[in-house]
Amino acid sequence: MTRPTGAEILIRELEQLGVTHVFGYPGGAAINVFDALYDSTIELVLARHEQGATHMADGYARASGRLGVVLVTSGPGALNTVTGLLTAKMDSVPLLVICGQTNRANLGKDAFQEADVFGVTLPLVKHSRLILSVDDIAPSVRRAHAIATSGRPGPVLLDLPKDVSGQRALHAPPLPMEPKADAALDQAQREDVRAMARLLSQSRRPLLLVGHGAIIAGAGAAVTALAERLQSPVTNTLLGKGAFPEQHPLSLGMLGMHGTAYANYATTRCDLVLSIGSRFDDRINGKTDAFCPLAKKLHIDIDRAEIGKIVTPDAAVCADAKLALLELLPLVDPLDTSAWLDELQTYREAHPLKAQKAGDGLAAARVIEAFYEAAPRDAIVATDVGQHQMWAAQFFLTARERTWLSSGGAGTMGFGLPAAIGAQLARPDATVIACVGDGGFQMVLGELATAAQRKLPIKLLVIDNRCLGMVRQWQELFYDNRLSGVVLDGNPDFVALARAFGIKGFYVDAEADLDATVRDALAYDGGPCLIHASVAREDNVFPMIPAGCSAAEIVLERPTTPLPPPPGST
Amino acid sequence: MTFLNEGDDVHTLTLLVKRELGILARIALVFSRRGLDVAELSYAKATLDGHQQVRLAFQGDAAQLARVSADLRKLIDVVEVDVVPHSNLEREHPWSSRSFTSRMPIYAGSAAKRSPSSAMGAKATPMPST
């Protein structure tokens with residue numbers, strides 16, 4: 001029997017770990033690994049750009065909870081994954097990026113397509129390794145998988161020189177799979193939970209704040225059980241959409257910069273806030289000393305570095321959110337929150353979320369609302385970044401975990417379409433809607449070919465306002481409407497563009513045609529389709545808490561006088 | 001150019017780390033991304049096989065000390081981070097011309113006394129509150 005090459009060992013290890021798809025783009029330094037893939041059961045998904053491949057693996061991971069794997073070549077190929085690494089790091093997504101590298105003897109000599117990828121990516125990864133020996137491949141892959149998927153997940157990068165992937169191992173039996181240890185809280189963690197339970201029992205106006213950590217931990221059912229037991233209202237971060245059904249009567253929807261008026265109001269009035277896997281970041285907490293000013297702060301997070309980073313908690317548990325909640329549940333009794341819930345209901349009725357029209361034409365929020373009304377409850381929505389993302393967060397309510405995929409921390413334009421492709425491959429039977437803006441879509445539109453080639457039934461909704469709407473909104477509100485670098489005149493005919501890729505296109509620009517178009521697009525079963533929604537240019541996203549301001553400074557509708565530039569940065 | 005405030009203290013940290021490619025760069029990045037400057041650094045073999053000990057000093061406030069300590073602990077190849085209490089430091093300014101390594105703590109019997117598992121634990125090292 002021939003001794004296996006490094007590349008063959010790599011692929012064998014990925015197979016053993018249960019990897020089903022690798023998202024990639026080939027090149028000279030990775031050619032050995034692509035050759036080994038030829039004989040593998042793993043499906044290679046050929047993207048049209050390495051950034052697309054990375055976001056696809058990210059979408060695959062977010063939708064499935066499994067490791068997303070990327071395979072690219074050295075130099076420019078590897079560097080094109082950098083934005084995807086940041087995206088995954090910021091949002092705690094388990095990713096393995098394998099990069100070809102020049103031969104060991106060439107390292108540091110500016111060889112063709114050589115880049116110090118290990119060095120460039122150091123601040124963007126949870127961990128990384130430059131593999132210098134064929135014997136190091138199998139243990140490195142195992143360890144990379146364990147690191148990427150355990151604790152607070154994140155991206156791991158392996159840099160693999162071509163002569164190492166081509167080298168034959170002397171002796172490389174497959175590593176035995178290690179059984180997964182049963183996770184349980186230790187004594188100190190249980191004590192921390194008890195301290196939390198004592199504070200909860202004294203609360204009359206509690207607020208549960210659920211973030212991505214709750215979804216990563218699979219804590220959705222435990223969150224619902226806790227909310228119902230306490231009769232506590234629940235708000236979610238952008239990435240926490242799906243941890244608690246937003247249709248639930250106790251749900252206040254999303255909080256923060258573009259969150260609902262009532263969720264933000266609740267933060268100003270609650271006497272206790274329990275964050276479950278959120279990191280109090282500046283989208284939900286513009287002004288830390290004014291965040292939940294009347295509240296005891298409780299924090300559950302698996303990452304110790306997050307506890308006390310932004311908000312100093314009165315009680316904290318550093319643990320997996322699901323384990324912590326299961327420990328907490330039997331320790332708490334129902335609270336008398338009826339007056340609190342009544343107060344929030346009054347506020348909700350006074351300031352409901354509604355699509356606010358400013359410009360002529362179709363309102364983007366209405367288009368998204370129409371999709372929400374017609375789509376199945378478990379549809380997966382992948383968004384890009386900008387106004388459409390915030391409208392989708394507001395109007396496309398999320399019922400289940402892992403059905404809302406959005407670049408939160410990094411705010412990466414171009415994420416939506418490739419993430420939807422990855423999600424559709426992870427969940428072939430799900431309805432997958434990519435909701436993107438005309439700006440972000442044009443950053444990655446080559447990936448239409450990836451979707452078309454595989455006839456993936458993605459519904460690609462392009463919200464086209466012919467400008468970079470979120471920056472335009474800021475320039476209108478805070479910079480005297482001096483529009484600089486935001487007008488996208490010169491957009492293509494998106495339906496014709498879709499046709500060029502062999503993709504079915506729909507067009508809508510009028511409220512009267514909206515429901516029928518949405519119905520037709522959702523029913524279309526001939527592969528991907530693109531819905532070009534031409535919408536008003538001047539609509540803005542409200543509510544809006546200007547960056548760096550407290551929830552009490554919320555702007556509920558278009559102001560009649562100019563606002564000062566916000567103190568926060570973005 | 002660093003973002004120092006007058007009156008910021010000099011903090012000294014000791015780290016036990018695995019001897020892996022890039023570990024010094026990873027440590028340095030924890031400081032540079034915050035605009036903090038590492039003023040002194042020593043890196044030497046630890047008594048524990050395959051490990052190195054790092055001692056470094058930087059100037060910053062208590063919150064910055066808490067952040068860099070927490071982020072250093074998150075690095076996969078960092079086993080342990082200790083903040084050296086001020087009283088244990090010699091009275092002179094830490095970046096004097098005296099040999100820095102002469103003040104290296106000795107990890108005597110480090111494997112037994114400082115098991116790697118305690119390094120990730122909550123109570124291993126008191127953290128200054130932010």
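Predicted model: local features only at pLDDT ≥ 70, side-chain atom pairs only at ≥ 80, totals over all residues.
Local features need pLDDT of at least 70 and side-chain atom pairs count only at pLDDT 80 or more, while totals for chains, interfaces and linings use all residues. Residues are numbered from 1 along each chain as its sequence is written, and side-chain values use heavy atoms, with hydrogens and water left out.

Let's start where the chains meet. Chain B brings 18 residues and chain A 20 residues to the contact, which is counted for heavy atoms within 4.5 Å. Together they bury about 1400 Å², 54% of it on carbon and sulfur atoms; buried area is the accessible area (1.4 Å probe) lost when two parts are put together, summed over both. Arg26(B), Arg67(B) and Ile76(B) supply 37% of the area that chain B buries against chain A, more than any other three residues.

There are 2 salt bridges between the chains (a side-chain nitrogen of Lys or Arg within 4 Å of a carboxyl oxygen of Asp or Glu). One of them joins Arg129(A) to Glu20(B), with the closest N and O atoms 3.0 Å apart.

A cavity is a set of points on a 1 Å grid over the protein atoms alone where a 1.4 Å probe fits but cannot get out, and its lining residues have an atom within 4 Å of a point. Of its 22 lining residues, Ile284(A), Asn285(A), Gly286(A), Cys549(A) and Ala551(A) are the closest to the centre. The second largest cavity, of about 70 Å³, has a lining that includes Arg62(A), His212(A) and Trp404(A).

How values were computed: Chains lettered and ligands numbered in written order. 1 Å grid on protein atoms, 1.4 Å probe; cavity = no way out; pocket = protein on both sides within 12 Å on 5 of 7 lines; lining within 4 Å. Points joined across faces, edges and corners; volume = space filled by probe spheres on them.
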